[in-house]
Structure formats: structure tokens, C-alpha cells
Amino acid sequence: MTSDVPMVPVEILGVRQQQRDQEIVVLLLDSAADLAVPIVIGPREASAIAMAQAGLATPRPMTHDLLRDVLAAVGVELERVEIVALEGGIYFAELVLSGGARLDSRASDAIALAVRTGSPVLCSAEIVALAGVEIVDVQQREEMEKFRAFLDHVSPEDFSGPPGQ
């Protein structure tokens with residue numbers, strides 16, 4: 001991908017299971033535009049993101065922890081994550097490393113790594129405009145605050161197993 005695509009900073013709100021279709025999404029908020037971009041992810045990726053946001057450690061490193069540690073061991077930093085494309089419902093991301101290297105990544109993996117490294121996440125302005133869901137009314141803002149409160153108390157077990165178990 002090219003690095004000259006207009007990008008906007010987004011906040012990783014966290015993961016959520018949609019009630020209507022049981023899909024799990026990670027929500028990225030462009031607070032300047034009051035738009036949230038929902039990206040459908042799998043339960044393992046949801047758990048990886050939620051665990052890192054909650055500051056939970058595992059007895060052994062998970063894949064994203066290992067990648068963070070490998071980068072540190074070779075003296076490379078994750079400067080930022082960029083969500084660069086949306087094609088056929090699939091989000092494409094790039095890891096931008098110190099030294100200028102750009103690596104193709106699944107959006108969920110890139111987000112999980114960004115949470116672990118404290119790296120910023122940027123999203124293509126075009127993707128925000130096309131896929132962003134407007135957050136404008138009081139009820140939606142209240143729902144967003146409830147969601148943030150939920151994130152403060154979520155555990156990885158909340159995303160394991162089929163719904164209803």
C-alpha cells in the first residue's frame with residue numbers, strides 16, 4: 001500500500017458482541033468526526049485485544065506478546081498501525097516500523113499489537129467516511145459510555161465458547 005493515503009487517528013474503544021447477529025467487533029472511534037468504525041473479528045482476536053486493554057498477562061506469551069517481544073529484542077519499534085483499505089468487507093492494515101518498513105497485517109492482529117505496544121492507530125479517512133457509524137444523539141453517547149464502562153470489567157472468558165454458554 002502507499003503511505004500517501006490521508007489518515008486520521010482513532011481510539012480503540014474495545015471489543016463488543018453484537019446482539020442482533022452475535023458477531024464480535026472491535027470499535028475504532030474517530031472522535032473528531034464522531035464516527036465509530038466497527039471491524040468484525042474472531043473470538044480469539046477479541047480476547048487478545050480485551051486482555052491487553054485490561055492489562056491481563058498470561059503465564060506464557062501469546063502470539064501478539066511474542067511479536068512485541070521480538071520487535072523489542074531486535075531494536076525495532078512499532079511506530080503506528082494504519083488501517084489502509086476495506087475490500088469486500090475485509091479490512092487491511094499495515095504495521096509501520098521504525099526505519100520505515102511497512103508490513104501487511106490483518107486489522108485485528110495489528111490492533112492487538114498496537115494495544116500491547118502503546119502505538120497509535122490511524123485509519124484511512126476514506127474508510128472512516130464509508131464504514132463509520134455516526135455517534136450524535138444523547139442515547140448513542142450514553143451507550144458509548146456504557147460500553148466504555150463494560151470494557152473496564154470485561155474478561156477474556158466473556159469471549160470464549162458459543163453464545164449462551
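Q: Which elements each supply at least two residues of the lining of the second largest pocket?

A: In this predicted model, strand 3 (35-41), strand 5 (90-97) and helix 3 each supply at least two lining residues. Strand 3 gives the largest share, four residues.

Q: What makes a residue part of the lining of this pocket, and which residues line the second largest pocket?

A: A lining residue has an atom within 4 Å of a pocket point. For the second largest pocket, the residues are P38, I39, V40, I41, G42, E45, G89, I90, Y91, R106, A107 and S108. The volume of this pocket is about 230 Å³.

Q: How many residues of each class does the lining of the second largest pocket have?

A: The lining has seven nonpolar, three polar and two charged residues. Gly counts as polar in this scheme, and G42 and G89 are among the lining residues.

Q: Why is the contact between the side chains of E45 and R106 called a salt bridge?

A: The rule asks for a side-chain nitrogen of Lys or Arg within 4 Å of a carboxyl oxygen of Asp or Glu. The side chains of E45 and R106 meet at 2.7 Å, N to O, so the pair qualifies. The two residues belong to distant parts of the chain: E45 sits in helix 1 (residues 43-54) and R106 in strand 6 (residues 102-106), 61 residues apart.

Q: Are E45 and R106 buried or partly exposed, and how do you know?

A: Buried means under 20% relative accessible area, exposed means over 50%, and partly exposed lies in between. E45 has 15%, so it is buried. R106 has 46%, so it counts as partly exposed.

Q: How do you know that D65 takes part in a salt bridge with R68?

A: The side chains of D65 and R68 meet at 3.6 Å, N to O, and the cut-off is 4 Å, so this pair counts as well. Both residues lie in helix 2 (residues 63-73), three residues apart, which is about one turn of the helix. D65 is buried, with a relative accessible area of 12%, while R68 is partly exposed at 28%.

Q: What makes R116 and D65 a pair that ties together parts of the chain?

A: R116 forms a salt bridge with D65, with the closest N and O atoms 2.6 Å apart. R116 lies in helix 3 and D65 in helix 2, so the pair ties together parts that are 51 residues apart in sequence. R116 has a relative accessible area of 14% and is therefore buried.

Q: How many salt bridges does the rule give, and which residues do shared partners join into one network?

A: The count comes to nine salt bridges. Those that share partners join E79, R80, E82, E94 and R102 into one network.

Q: Why is helix 3 described as largely enclosed by the rest of the structure?

A: Eight of the 11 residues of helix 3 (residues 107-117) are buried, so the helix is largely enclosed. The buried ones are A107, S108, A110, I111, A112, L113, A114 and R116. Following the helix comes G118, whose phi is positive, near 70°.

Q: Why is D30 called buried, and which residues is D30 in contact with?

A: D30 has 8% relative accessibility, and the cut-off is under 20%, so D30 counts as buried. D30 lies in strand 2 (residues 24-30). Leaving aside its neighbours within four places in sequence, D30 is in contact with V8, P9, V10, L35 and V128.

Methods
Residues are numbered from 1 along each chain as its sequence is written. This is a predicted model: local features need pLDDT of at least 70, side-chain atom pairs count only at pLDDT 80 or more; totals for chains, interfaces and linings use all residues. Side-chain values use heavy atoms; hydrogens and water are left out. Buried means under 20% relative accessible area, exposed over 50%, partly exposed in between (1.4 Å probe, protein chains only). Contact means heavy atoms within 4.5 Å. On a 1 Å grid over the protein atoms alone, a cavity is a set of points where a 1.4 Å probe fits but cannot get out, and a pocket is an open set with protein on both sides within 12 Å along at least five of seven lines; lining residues have an atom within 4 Å of a point. Grid points are joined across faces, edges and corners, and a volume is the space filled by probe spheres set on the points.
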